[in-house]
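Subject: Structure handover

Hello,

Here is the structure we talked about. Please open it alongside these notes.

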Amino acid sequence: MKKVLLIGKINKAIQNLNDCLHDVFQVQLCSESVELVRGMLKITKPHLVVISVIELEGTETEIFDLLWNTYSRIPVIVIGNKEECDAYQGYFENEQFTRFLRPVSKNRLVEKCCEKLHMELPKEFQNPSSIKEPVSVEKSILVVDDSAFALRSIKSMLEKKYKVFLANSAETAVKQIRKNRPDLILLDYEMPGIDGRKTFEMLREQEEFRDIPVVFLTAVSDKKHILAVLRLNPAGYFLKPLEQEKILKAIGEILAE
């Protein structure tokens, strides 16, 4: 089985890419740290490198330089949208690097990897009917609320457009984040026990969670309360009861930033 080193920010997108590849290739995940990449290249000796530049913002050129200068025989597939890939435009002048624009389906990605590795496409991927919908750009949202009714209601508002995970406490939320890292967290501010404020502060204290945008949900609309919420500098807040059209529009704007 050919070895693939999958590099990128550890987020839902790269997890989906891993799901696309692991049935056909021996995949090793690696974060965007150049030192970690250097070590993994030496240890795994991959036949192919796949780099997800989703959310990298054009800052990881050291990784590209390392591959170009030291591992020039290893083909590299770079996955992102046009804007994301354009940040690395100069590298595509070298035939070692291949741009692969998202959205990405499992069939197309496996086919492209096989092409770069000069290997035959597995039979299960040769049937056009097996082509699946794009999977690498699906956004996910974690809803944290102690009310089962609120969780069901919000899930029904969002699930047609986003992958939705639910948690009824801070403890469950942390477990969910570790298992399914979301692109956005909707967090009830008035939960009993560990409330929204404490949960938010706890997430911000952990480096692996602090860059996930958090939007508070609150049923209290007086000025003093809202100011207390805003002092925490969340990505936003919604007043309960929620209106589907407004919440979808606001979430779309937050996730597009």
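Strands here are DSSP runs of E with at least two residues, numbered from the N terminus. This is a predicted model.

Start with Leu-239. This residue lies in strand β10. Buried means under 20% and exposed means over 50%, so a value in between counts as partly exposed.

Now to strand β8, residues 184-188. Five of its five residues are buried. In a regular strand, side chains alternate between the two faces of the sheet. In β8, both faces are covered. Leu-184, Leu-186 and Asp-188 are buried on one side. Ile-185 and Leu-187 are buried on the other.

Which strands pair with β8? One is β6 (residues 140-144), parallel to β8 over four bridges. Within that pairing, Leu-142 has Ile-185 of β8 as its bridge partner. Another is β9 (residues 214-218), also parallel and joined to β8 by four bridges. There, Leu-187 is bridged to Phe-216 of β9. Between β8 and β9 the chain passes through helix α8 (residues 196-205). This β-α-β crossover is right-handed.

Best regards

Notes:
Residues numbered from 1 in each chain as written. Predicted model: local features only at pLDDT ≥ 70, side-chain atom pairs only at ≥ 80, totals over all residues. Heavy atoms only, no water. Buried < 20%, exposed > 50% of the residue type's maximum accessible area, 1.4 Å probe, protein only. Pairing = 2+ DSSP bridges. Right-handed = clockwise from strand over helix to strand, strands pointing away.
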